[in-house]
Amino acid sequence: MLRDTWLVFRRHMAISLRNPAWVLIGIMQPLLYLLLFGPLMEKIVSSTPGFPPGDSWQILAPALLVQLGLFGSMFAGFALLGDLRNGVVERLRVTPVSRLALLLGRVLHDTVQLLVQALLLLLVAYLVFGMRAPVAGVLLCLIMVMLLAVTLSSASYAMALLVRSEEAFPALLTTISVPLLLLTGILIPITTDLAPRWLYVLSRINPFAHVMDAERASFRGDFSVDGLLTGSVVLLVITVLAVWWGARTFQKENA
Amino acid sequence: MIEARGLARTFRSRGRSVEAVRGVDLDVHAGELVGFLGPNGAGKTTTLRMLTTLLRPTAGTATVGGADLLADPVGVRKKIGYVAQGGGTAPECRVIEEIEIQGRFYGLSKADAVRRGAELSEQLDIAGLEQRLVRTLSGGQKRRLDIALGLIHSPGLVFLDEPTTGLDPQSRANLWEHIRSLRAEHGVTVFLTTHYLEEADSLCDRILVIDNGEIVAEGTPDDLKAQVSGDGITVDVPAESVGDAAEVAARLPGATDVTTVENTVRFRVPRGDTALPELLRALDGKGIPLTSLQVQRPSLDDVFLSMTGRTLRDAETPGEGSDVA
């Protein structure tokens, strides 16, 4: 199983390394937010009451990492649909390779890819915009980003196998990921002071909002139970659920 | 090599259930080259996908390559090679990457996979393409790569789904040669599906004809042709002797379907080669001069027509549905 996972991982890494442009295209959107929206936020954060503690970059950077996941890893299933169309999935499924390895190898690749993108984004934020954050906090945040990648790409593969349409899939993903992203409070945190009651309640139902809170807390160096516990637990739970869902879908015949 | 009993698959879609395959029994022995012939939508691909562990039968049992299909699918996978209809290579991969990963999934070491890949590339005339991206290969090269991948672990049994569909006539003839030599030189058992009559005819030892999810005929190409329709004989005589000639023909043992058009008499006999001398003697005895004489071995299309009442080409008209994937 581990050997097979490694082989699948290497296969997809080789493809990605041949076309590194995709990694860059993937971070274009968050980079643009950083560049064209970030500076706007500086004043607003300092003059508007209700924002969580931390400066504007400490609020924006972790949010962009979540965005990277929701718009990057979430679309991982798209590559699977291509492989399905080309018959690659079927060819590999006739070999004795473990079904779980076919999923985990891909997920591992997506996780590494998101990690590289996250590092690049943070590097730009650090060098160009003078973002400062405690190293331990950034590291913890990156671990959360990796778990987020595992969750989102597993779920994406499961959905791709259920939808099985290269036309319908992106439409479905956008329908899901835009509200999920907005309800994490990506640009302006959804706090009790800033948001109307219903919007705040809605955001609390969104698991990614809790993950976002935990990432922001760790980014500003707040390692308190209050700041991290809920988000971490939620993240672990959704990771387990998503991998289980993906694995079950991959095990099924005809997948 | 393959022993299937009552293999069936029903698909359910939108509350309706479609019986794609209804109780197929089939036996394929070691070293045979067996063709599975039928129009698109007849259930060929569904049967193949069941036999290769891709699809779980809704009923029936099978042993494939010595392993039980239902109880030990992994055992089956280790024994067989499968080349799907549309192939299964990723355009963005290098040829060598595909060869290596395929071999390693079958448990070969990297070195063994590469060595075996080189051997097969040589045999299938795709040597020297290792570093190319799959998307840059021609249709024929890609097809042969698909086959090389299916053979990487030297399986004793290979399933080829429509191996020559979409190839130009030259690549097709070339691939037929490769398939023949697989069996001749390596003793590989080959089970292939096709909807090309000439392919089944020229390639296979034995043919199973499937229509509407059921096997409707089985035998060697010659058996099938003989059993079903016999040979067609066309005799041209002077117009005034047509009636007499038709009478002579009708009296031949086993003659059927005697028809006359202007100065031509057509009829069928079980075996054209033995009927001819008799026909010639009888016509001679009546003093009927002969202007031309033809014997047509029946085609598999005739076989299909007599089994199902449709020609294979009719059966493919839209509305019959495409192969249930």
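## Getting oriented

Helices (H or I, at least four residues) and strands (E, at least two) are DSSP runs, numbered from the N terminus. With that in hand, take residues 169–190 of chain A: this span is 64% helix and 0% strand, and its end C-alpha atoms lie 29 Å apart. What you are looking at is a predicted model, where local features need pLDDT of at least 70, side-chain atom pairs count only at pLDDT 80 or more, and totals for chains, interfaces and linings use all residues. Residues are numbered from 1 along each chain as its sequence is written, while chains are lettered from A and ligands numbered from 1 in the order in which they are written.

The model scores ipTM 0.87 and pTM 0.84. For single residues there is pLDDT, the predictor's confidence in each residue, from 0 to 100. Chain B has a mean pLDDT of 87, and 94% of its residues reach 70 or more.

One stretch calls for care: over residues 317–325 of chain B, pLDDT stays under 50. Where pLDDT is low, the predicted coordinates should not be read in detail.

## Chain A and its listed regions

An unreviewed UniProt entry lists residues 21–39, 59–82, 103–129, 135–162, 169–190 and 228–247 of chain A under "transmembrane region". Positions from UniProt are given in the numbering used here, feature names are shortened, and annotations may be inferred rather than shown by experiment. In the model, residues 228–247 of chain A are 100% helix and 0% strand, with 28 Å between the end C-alpha atoms.

A residue is buried if 20 or more other C-beta atoms lie within 10 Å of its own, exposed if 12 or fewer, and partly exposed in between, with C-beta atoms placed from the backbone. A:Ile238 has 21 other C-beta atoms within 10 Å, so it is buried. Leaving aside residues up to four places away in sequence, A:Ile238 touches A:Thr151 and A:Pro207; two residues are in contact if their C-beta atoms, placed from the backbone, lie within 7 Å.

## Chain B as a whole

Chain B has 12 helices and 14 strands, and its C-alpha trace spans about 80 × 50 × 35 Å along the principal axes. Of its 325 residues, 44% count as buried. Its domain assignment gives domain 1 (2–225) and domain 2 (230–297); such bounds come from an automatic or database domain assignment. The centres of these two domains, taken over C-alpha atoms, are 44 Å apart.

Which strands make up the open sheet, and in what order? The sheet has 4 strands in the order β2-β1-β4-β5 (chain B), with antiparallel pairing. The edges belong to β2 (16–28) and β5 (67–68) of chain B, each with a single partner strand, so one side of each has no neighbour in the sheet. Two strands pair if DSSP finds at least two bridges between them. Strand β4 (residues 59–64) of chain B is joined to β5(B) by 2 bridges, and B:Val64 stands opposite B:Ala67 in β5(B).

Helix α1 (residues 44–51) of chain B is mostly covered, with 8 of its 8 residues buried. B:Thr53 counts as buried because it has 23 C-beta neighbours inside 10 Å.

β12(B) pairs with strand β13 (residues 264–269) of chain B in the antiparallel sense over 4 bridges, and B:Thr256 has B:Arg268 as its bridge partner in β13(B).

The two strands, β12(B) and β13(B), form a hairpin with 2 residues between them. In the turn, B:Glu262 has a positive phi of about 45°, although it is not a glycine. With 7 C-beta neighbours inside 10 Å, B:Glu262 counts as exposed.

## Where the chains meet

The contact takes 25 residues from chain B and 19 residues from chain A. On the side of chain B that touches chain A, α2 (73–79) and α3 (95–105) of chain B each supply at least two residues. α3(B) gives the most to this side, with 5 residues.
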